[in-house]
Amino acid sequence: MYDTAIIPKSYFVNVLTALAAMVEEQKDYLTKLDSEIGDSDHGVNLSIGFRDVMAKLPDLVEKDLDIPTLLSKSGMSLLSKVGGASGPLYGSLFRKMAIPVPGKNEVTFAEFCAMIKSGVDEIKRLGKAQIGDKTMVDALSPAVDALYSGMEQGLPPVEVLEGAVKAAEAGRDSVIGIVAKKGRAMRLGERAIGHIDPGTASSCMFLQIFLDEFKKLA
Ligand code: ADP
Ligand code: MG
């Protein structure tokens, strides 16, 4: 089942477009979260990055680039235009999503899961955050685990993705009540307790878009 569900390149174009729209919509909320335990720029950072992604996307589509090139070039926008921790981390997510699918213009669901895992692994490698450090890894890492356990259980792809979103949200909520051990919020010590980590919030939103756009394929 996971080797036949074909995800076309247009899915990834639609995901990038929807992410950019979501970021504009959620910019103030994400920045408000970052004002509580960071430096009030998370929404602004993502907005700067995704505006650059959108500025370049028509040209990438016009050139009919393959999926990995589309994603890695979009990742470069986030990496090079965004200050702060999240730009390089999210930029690397998209760049490394490209790795498992060289040259492809459509991917299977299993490949899609491998892409997400590859991207999240890179975020873990770069940021060196563990589960419980109160970073985006607390949302993203359980989401990847859920993708693979969902496939092991043989769930339909939509349900596999729904499981990943739920796992990310549970991860986000699980670190509200603890101190941060990575990122700016670390410096706040106990004052970070009771606040949502902005990166966990945006990661949940990203995964929700992956799911929403996937549902539109059917
Ligand atoms: P900055 O913290 O540099 O201002 P942003 O505000 O855009 O950057 O992003 C903050 C988010 O980045 C945090 O909420 C956290 O989820 C994530 N983050 C920070 N450091 C790390 C890290 N080492 N590993 C993973 N995620 C991190
Ligand atoms: Mg910040």
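**The pocket and its ligand**

Author: Let's start here: ligand 1 takes up the space that is the largest pocket. Keep in mind that this is a predicted model.

Reader: What makes a residue count as one of those that surround ligand 1?

Author: One of its heavy atoms has to lie within 4 Å of the ligand. By that test, 19 residues surround ligand 1, and the closest are D39, N45, A85, S86 and D197. Helices α2 (42–62), α4 (86–97) and α8 (198–217) each supply at least two residues of that shell. The shell divides into five nonpolar, eight polar and six charged residues.

Reader: How do you know that the side chain of D197 makes a polar contact with ligand 1?

Author: The cut-off for a pair of N or O atoms is 3.5 Å. An N or O atom in the D197 side chain is 2.6 Å from an oxygen atom of ligand 1, so the pair is within 3.5 Å and counts. The side chain of D39 passes too, with 2.9 Å to a ligand oxygen. For G199, a backbone N or O atom lies 2.9 Å from an oxygen of ligand 1. The protein covers 92% of the 560 Å² of accessible area that ligand 1 has on its own.

Reader: Why is D173 called partly exposed?

Author: Its relative accessibility is 41%. Buried would need under 20% and exposed over 50%, so D173 falls in between and counts as partly exposed.

Reader: Where is D173 found?

Author: Look in helix α7, residues 157–174. From D173 to L78 is 26 Å, C-alpha to C-alpha, and 95 residues in sequence.

Conventions. Residues are numbered from 1 along each chain as its sequence is written. Chains are lettered from A and ligands numbered from 1 in the order in which they are written. This is a predicted model: local features need pLDDT of at least 70, side-chain atom pairs count only at pLDDT 80 or more; totals for chains, interfaces and linings use all residues. Side-chain values use heavy atoms; hydrogens and water are left out. Helices (H or I, at least four residues) and strands (E, at least two) are DSSP runs, numbered from the N terminus. Buried means under 20% relative accessible area, exposed over 50%, partly exposed in between (1.4 Å probe, protein chains only). A polar contact is a pair of N or O atoms within 3.5 Å; within protein, one must be able to donate a hydrogen and the other to accept it, and residues adjacent in sequence count only if both atoms are side-chain atoms. Accessible areas come from the Shrake-Rupley method with a 1.4 Å probe; for residues, only the protein chains shown count as cover. On a 1 Å grid over the protein atoms alone, a cavity is a set of points where a 1.4 Å probe fits but cannot get out, and a pocket is an open set with protein on both sides within 12 Å along at least five of seven lines; lining residues have an atom within 4 Å of a point. A molecule sits in a cavity or pocket if more than half of its atoms lie within 2 Å of its grid points. Ala, Val, Leu, Ile, Met, Phe, Trp, Tyr, Cys and Pro count as nonpolar, Asp, Glu, Lys and Arg as charged, and the others, Gly among them, as polar.
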